[in-house]
Amino acid sequence: MSNYMDAYESWLNDPYFDEATREELKSIQGNEKEIEDRFYRSLEFGTGGLRGVRGAGTNRMNIYTVRQATQGLANYIVEHGGQDKGVAIAHDSRIMSPEFARAAALCLNANGIKTYLFESLRPTPELSFAVRELGCIAGIVVTASHNPREYNGYKVYWEDGAQVTPPHDVGIMAEVAKVTDFANVKSMDEDDARAVGLFKIIGTDFDDKYVAQVKAQSIHPEIIPDMAKDIKIVYTPLHGTGNVSVRRVLRELGFTQVYVEPQQKIPDGSFPTVAYPNPEDPKAWELALKLAKDVDADIVLATDPDADRLGVYAKDTATGEYMSFTGNMSGMLIAEYIFSERQATGTMPENPALVTTIVTTDLAKAISAHYNARCIEVLTGFKYIGEQIKIFEQTGCNNYVFGLEESYGCLAGTYARDKDSIVAVMMLCEVAAFYKKQGKTLCDAMRDLYEKYGYYKEGLATLELKGVEGAAEIQNKMNNFRQNPPKELGGFKVLAARDYKADERVDLVTGEKSSTGLPSSNVLYYELEDNAWCCVRPSGTEPKIKFYFGVKGNDATDAAEKLEALKKDMLSNQ
């Protein structure tokens, strides 16, 4: 785009932008590549909101781009007559998160919209709960989830408590896109907003309601006091928002041997001990695993900075080592426990359903079938799982029992409409107590699960492609897959190809074409023989293209070999 230099000059010289912003921009004078990256576009407000690197510029997360997006959201809310219902706002521990949250609140207030701002950082799932509990029209969480430290972001929720889905996501995006002139962005003084009753603070009394809902999901709370002294739990919030809530829930349920990694328990947006605060990254576990070995912990848990995702390690007594659990594995352990114990205690609802995503393990289908539950697959993104809960409530067709996605996110119960690591921690620790009473570890329980249903194994690979050129390369790779669909992958014949962007499934054996049945999304999925599959899509929040793989083996070794062959073949096509 040729006018990025004009935009740069405008920000550099316009007194609308504060002195610190203009000084930051002066420091990059002459660095055309940096100027281009900051100004070649406006930071895209996508279906989930904003996500980007902090800094000055139109393609960065800053007070101005946050207010600009919020003005678009405000226009949409006013159009829907939701001013009096208000908007709940929470934020994580990242640098500038409190400032962005306050800026969003005051922009909404200036548009006559009431806001409920949490007094300090809170887990994302508590915001999801707050939207419905307070009867709000919408919610905002200022977070970049598990992205690297230089990022921040902004997620929008609608009145059902889930992140926005069609038609609201498209409607809000359209309104945000119309706000091109900063002169049209409103704000007001906080004291004035308080005086007219538009700016309200949510305190710790609200936490009591949320924690009560989380604890209500426990199936066998009576087991925990008996086993608490025998189970050692190491936990790290990775400098994020999970520490207070996780420790409180575990303490109130009766767990007594909980060790929190001391260097990572303090919220800190610079993430001094981890370059990438993501439970999926093995490097993020170094300190927690060291502590686990020192205290001989049974399980090791990590939540991401906004505490909606949970990572797990467990000690395998057979080897003495700590075994890593993928999100698929920990999610399936919890699912099996909930379904089996709901059935055993007579608390399984009628027409039970498990909701999962198209890139999550097929073990979910096997467990659902075993318990006569419906298994519903949705697009990647927990908002689509939350949307199913809303549909169930509106139609009465099913009752939600559990939902999960492969990226370490799950939800037991319907009090929230987003993934919740607080309830995941609670359920997993309860599962550990349940099996420990039987003389088993979580590793033993996982092996039992594979023996019962089959050796399902999944993998993920990502390619990071940054900047303007990277975005174009990601698009080229997707186009290449569409134009040259593979016939065979990893020794598996491709039986069918789904293109969710074109809403088309092609049976490659019969040539028959049908609809995917899901909303349009830039995702390609290949059904392979022998219960194998793979999928490719661009990340919605980072400059990456993601490849997902799944196989079913005769045993653990067979599954690992099949997965490796599939992954190698898929990536060699790059």
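## Burial and the model

A residue counts as buried under 20% relative accessible area, exposed over 50%, and partly exposed in between, using a 1.4 Å probe and protein chains only. By that rule Asp-362 is buried, at 13% relative accessibility.

This is a predicted model, in which local features need pLDDT of at least 70, side-chain atom pairs count only at pLDDT 80 or more, and totals for chains, interfaces and linings use all residues. Residues are numbered from 1 along each chain as its sequence is written, and side-chain values use heavy atoms, leaving out hydrogens and water.

Let's start with the charged pairs. A salt bridge here is a side-chain nitrogen of Lys or Arg within 4 Å of a carboxyl oxygen of Asp or Glu, and the count comes to 41.

Asp-362 pairs with Lys-365 at 3.3 Å, N to O. Lys-365 is partly exposed, at 35%, and also forms a salt bridge with Glu-377, with the closest N and O atoms 3.5 Å apart. This second pair links distant parts of the chain, since Lys-365 lies in helix 14 and Glu-377 in strand 13 (residues 374–378). Glu-377 is partly exposed, with a relative accessible area of 22%.

## A pair in helix 2

Glu-19 and Arg-22 also meet in a salt bridge, at 3.4 Å, N to O. They sit three residues apart in helix 2 (residues 19–26), so about one helical turn separates them. Glu-19 is partly exposed at 44%, whereas Arg-22 is buried at 17%. (Helices are DSSP runs of H or I with at least four residues, and strands are E runs of at least two, numbered from the N terminus.)
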